[in-house]
Amino acid sequence: MNRHIKHVAVIGSGIMGSGIACHFANIGVQVLLLDIVPRELTEAEKARGLSLSDAAVRNRLVNDSLAKALKSSPSPIYHRDFAKRIRTGNLEDHIAQVSEADWIIEVVVERLDIKKQVYEKLEQHRRPGTLITSNTSGIPIRFMSEGRSEDFRRHFCGTHFFNPPRYLKLFEVIPGPDTQPEILQFLEQYGEKFLGKTAVVAQDTPAFIGNRIGIYGIMSLFHTVSELGLTVEEVDKLTGPVIGRPKSATFRTVDVVGLDTLVHVANGIRENCPKDERHELFGLPAYIGTMVENGWLGSKSGQGFYKKVRKDDGSSEILTLDLGTLEYRQGKRAAFATLELTKTIDAVIDRFPVLVSGKDKAGEFYRKSFGSLFAYVSHRIPEITDALYKIDDAMKAGFGWEHGPFQIWDAVGLEKGIEMAREAGQDVAPWVSKLQKSGAASFYTVQDGATYCYDIPAGKQAKVPGQDAFIILDNIRKSKAVFQNNGVVVEDLGDGILNVEFRSKMNTIGGDVLAGLNKAVDLAEQDFRGLVVGNQAANFSVGANIGMIFMLAVEQEYDELAMAVKYFQDTMMRMRYSSIPVIAAPHGMCLGGGCELSLHADKVVAAAETYIGLVEFGVGVIPGGGGSKEMTLRASDSYRKDDVETNTLRENFLTIATARVSTSAYEAFDTGILQPGKDVVVVNKDRQLATAKAYAQLLADAGYTRPVERTDIKVLGKQALGMFLVGTDSMKVGNYISEHDKKIANKLAYVMAGGDLSESSYVSERYLLDLEREAFLSLCTERKTLERIQHMLKAGKPLRN
């Protein structure tokens with residue numbers, strides 16, 4: 001039977017409950033969010049003369065919780081209008097409405113007795129066949145459904161979202177003793193396809209997969225720190241971006257999550273996993289116990305491993321906890337020779353052999369911590385999951401690791417990993433020794449563009465399931481490359497579609513990337529049917545190579561600078577005016593030049609988590625790669641529908657002048673960067689390239705024809721220019737902008753007005769590009785602009801405000 005999720009009921013409106021409700025609203029599902037009825041009036045309610053029987057009081061907890069969630073940053077919702085898909089109520093007046101739900105998700109307090117009481121009430125109103133799941137993070141699923149009906153038990157399991165639900169991709173599905181297999185299969189597929197998650201089926205064991213391995217890693221580190229005498233700063237330096245982990249690394253992450261939360265989960269594992277071979281490791285080191293006793297729990301208590309203090313001069317300072325004395329001190333710079341050796345290695349996966357070979361304390365730390373981790377994860381199969389790739393998937397999706405434990409093990413080498421485990425005093429699981437004796441060199445292999453991993457029961461490599469809907473560039477980059485230079489790789493995606501993948505630092509757009517884009521169009525026009533511009537790095541592109549712009553401007557190579565800007569503009573125009581369809585697939589940060597490329601594609605297939613905008617104002621220039629022209633063109637196209645033409649033009653002007661960046665792809669429709677009816681959004685980034693390829697095929701199959709360059713763009717001349725100049729003058733008089741900001745804004749105004757034409761006129765794209773280029777070049781020579789660019793380069797910042 002086909003199962004469709006149109007209505008979801010979420011029981012419990014705390015941080016997780018409201019976050020889960022918002023994420024279902026994000027994907028278009030109608031949500032009923034319920035919580036308990038307050039037992040006492042607040043002072044404000046008393047002052048208003050309300051009673052406990054008033055709806056405003058009875059729904060206060062759920063309404064306050066949802067409102068707090070919607071105001072939080074980062075936002076749990078893709079677009080403010082999506083919150084309208086959530087209706088609220090309480091568990092006494094509105095519980096009967098759960099009969100409308102296709103899926104009921106319980107997210108109440110982590111107490112088995114309370115959960116069972118909730119289930120008893122829900123079963124009185126739940127329709128037979130309705131999914132019912134718990135978001136528990138550790139209570140055994142088998143205990144929860146005891147005493148419930150057969151239909152309830154067959155449709156019940158755990159569905160563990162990670163916080164925040166919008167941003168963390170891990171979705172653990174945990175079966176109960178009576179859960180139907182087809183229910184698990186449905187939830188796994190739904191989580192991946194609709195919720196955009198990495199869905200993994202876990203065994204019903206304490207902390208499941210992600211938290212079991214993640215908490216082990218942190219607890220192991222807590223003990224290793226003491227043994228090696230490392231400082232807080234040193235550990236965060238060693239366990240952050242250098243190994244593909246979040247910038248918050250270890251101790252900053254613990255401060256954000258809360259030390260008490262970590263200790264609670266660790267204690268739960270220690271109490272409920274007595275046969276764990278590293279059982280003693282989940283005991284708290286003395287300094288952690290003292291911190292808990294002192295209430296030094298992190299951000300929630302104002303101090304943890306770090307503490308923000310106000311100095312006498314009013315400025316703030318971040319102090320660091322000395323783990324030896326347990327006193328706060330000024331921060332110390334952490335530096336290791338081993339880390340210096342990795343600075344020229346861009347790919348994180350290629351750094352691990354260097355890191356574990358280090359001769360200093362950093363090398364010792366990596367060998368000990370990774371060796372222990374390798375041994376631990378090997379022993380968790382089949383206890384917590386039946387496949388090693390699920391552990392890697394869980395750690396990447398739930399903890400933000402760029403690579404999972406077994407992938408890191410492959411990077412350092414199977415033999416080396418076993419050796420490191422032994423040096424750390426640990427033995428790997430017998431199945432690893434069996435793999436070693438078979439002559440295999442790794443856990444993973446790539447065959448015909450697909451990922452295979454070692455199937456432990458079968459004793460051989462098997463294809464990782466679920467990847468047929470994805471295109472994995474790492475798997476095809478070498479075998480399917482048809483062109484590459486220092487900035488791009490052009491890959492054959494099959495079915496007549498090429499992909500051009502940026503490979504520059506932070507995917508900045510410079511000469512090599514522009515040459516690669518033009519070459520990709522040449523190749524596609526000659527022998528293929530369509531082109532996708534997409535990559536699978538953290539960000540699509542942070543913009544143009546401002547270092548190149550700075551050098552040309554400083555050296556007064558104005559002719560070369562003018563040629564470079566025109567080359568950029570011409571390349572963007574080629575994206576639009578070629579004989580094959582061009583699909584842009586932005587994700588993550590898509591700023592400046594990356595945004596301009598998207599503006600010129602035939603279609604944009606954006607990941608939901610796309611933060612896109614024209615941010616050149618932050619550098620001191622206007623968009624010079626066709627962005628200013630394009631936003632003028634799009635305003636012109638809407639004039640036929642809008643009687644007040646200057647209103648639309650003003651909105652597009654402000655989008656550029658305020659360097660506005662969308663907080664999601666859906667918000668980019670509001671800024672005019674994405675266009676309704678033309679551009680689409682995919683929630684699961686893993687599906688993005690396959691979806692973009694499908695749209696390229698669709699356009700090609702429909703008989704794509706090269707568009708004709710526009711010569712019918714309506715510009716408003718002095719009417720619009722006067723409006724803009726009055727506005728920028730008022731902003732300067734009010735001290736809202738600087739003199740230089742005013743100059744930039746006036747340059748943009750001149751371009752978007754079409755110059756100082758005496759009346760409204762129709763102009764060509766080339767005309768606007770000439771105005772745009774002239775304005776851009778004039779601003780590049782401004783001292784203030786060069787100072788801004790120099791400051792950003794020194795700070796290592798991308799092209800963003």
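In the predicted model, the contact between helices α30 and α31 is formed on one side by K743, I744, K747, Y750 and V751 of α30, and on the other by L768, L771, E772, A775, S778 and L779 of α31. Sorted by class, this contact comprises seven nonpolar residues, one polar residue and three charged residues.

Helix α30 spans residues 739–752 and helix α31 spans residues 765–780. The two pack at an angle of about 165°, and their axes lie 9 Å apart. Because angles over 145 degrees count as roughly antiparallel, α30 is described as roughly antiparallel to α31. The crossing of α30 past α31 is right-handed.

One cavity of 30 Å³ or more was counted, and the volume of the largest cavity is about 50 Å³. The lining of the largest cavity consists of H7, V8, A9, Q30, V31, L32, R87, Q97, E100 and A101. Two strands, β1 (7–11) and β2 (30–35), each contribute at least two residues to this lining. In terms of class, five residues of the lining are nonpolar, three are polar and two are charged.

Conventions. Residues numbered from 1 in each chain as written. Predicted model: local features only at pLDDT ≥ 70, side-chain atom pairs only at ≥ 80, totals over all residues. Heavy atoms only, no water. 1 Å grid on protein atoms, 1.4 Å probe; cavity = no way out; pocket = protein on both sides within 12 Å on 5 of 7 lines; lining within 4 Å. Points joined across faces, edges and corners; volume = space filled by probe spheres on them. Helix = DSSP H or I, 4+ residues; strand = E, 2+ residues; numbered from the N terminus. Nonpolar A, V, L, I, M, F, W, Y, C, P; charged D, E, K, R; others polar. Axes fitted to C-alpha atoms, helices over the stretch in contact; angles between N-to-C directions. Parallel < 35°, antiparallel > 145°, perpendicular 65-115°, else oblique. Left-handed = near helix turned anticlockwise from the far one by under 90°. Contact = heavy atoms within 4.5 Å.
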